[in-house]
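Here are a few friendly notes to read alongside the coordinates.

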Amino acid sequence: MTSQEILETLDSKQDPAAHEAATLIRALLKMIPSSPIMPLGEIRKIDNLGRIVIPKGYRVISGWTEGTLMEYFHMGEFICAKKYSVEKRK
């Protein structure tokens with residue numbers, strides 16, 4: 001599935017979380033041409049503890065360092081991760 005097909009699928013849903021995911025994907029796609037360290041189509045295995053390694057390129061671009069608190073959202077067949085914001089929760 002291409003990124004355009006993914007965006008069309010997300011845009012067609014009436015779910016606000018799907019629209020937020022589409023917005024995040026569009027923002028990431030805008031970074032790709034200017035970010036040579038952000039490879040496409042990386043495949044990672046889930047280890048026996050359920051962990052997935054986020055490639056360094058993605059972490060650097062996102063400003064995620066060791067110890068960064070993350071929150072995860074499940075959207076159909078996608079899992080989105082973002083830096084946890086304490087201010088947002090108050």
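Predicted model: local features only at pLDDT ≥ 70, side-chain atom pairs only at ≥ 80, totals over all residues.

1. Glu 20 forms a salt bridge with Lys 82, and their closest N and O atoms are 4.0 Å apart. Since Glu 20 belongs to helix H2 and Lys 82 to strand E2, the pair ties together parts that are 62 residues apart in sequence. Lys 82 also counts as partly exposed, at 22% relative accessibility. If you look at the distance in your viewer, keep in mind that the cut-off for a salt bridge is 4 Å.

2. Helix H2 (residues 16-31) also holds Arg 26, while Asp 11 sits in helix H1 (residues 3-12). A salt bridge joins Asp 11 to Arg 26, with 2.5 Å between the closest N and O atoms. The two residues are 15 residues apart, and the pair links distant parts of the chain. Both partners are partly exposed: Asp 11 has a relative accessible area of 32%, and Arg 26 comes to 34%.

3. The count of salt bridges comes to 3. One of them brings together the side chains of Asp 47 and Arg 51, at 2.7 Å from N to O. Asp 47 is partly exposed, with 28% relative accessibility.

4. Now for the strands. How many bridges join E1 to E2? There are 6, and the two strands run antiparallel. E1 and E2 make a hairpin with 2 residues between them, and Gly 76 in the turn has a positive phi of about 65°. Met 75 stands opposite Phe 78 in E2.

5. Leu 69 is in the loop between helix H3 (56-62) and strand E1 (70-75). Leu 69 is exposed, because its relative accessible area of 56% is over the 50% limit. Together with Tyr 84 and Val 86, Leu 69 forms a nonpolar patch on the surface, with about 270 Å² of accessible area in total.

6. Finally, the chain as a whole. It has 4 helices and 2 strands, in the order α-α-α-β-β-α along the sequence. Of its 90 residues, 16% count as buried. The chain exposes about 7300 Å², and carbon and sulfur atoms supply 59% of that area. Among contacts with a separation of 6 or more, 14% are between residues 24 or more positions apart.

Notes:
Residues numbered from 1 in each chain as written. Heavy atoms only, no water. Patch = residues over 30% accessible without salt bridge, like charges linked within 9 Å, V, L, I, M, F, W, Y side chains within 5 Å. Areas by Shrake-Rupley, 256 points an atom, 1.4 Å probe, with all protein chains shown as cover. Buried < 20%, exposed > 50% of the residue type's maximum accessible area, 1.4 Å probe, protein only. Contact = heavy atoms within 4.5 Å. Pairing = 2+ DSSP bridges.
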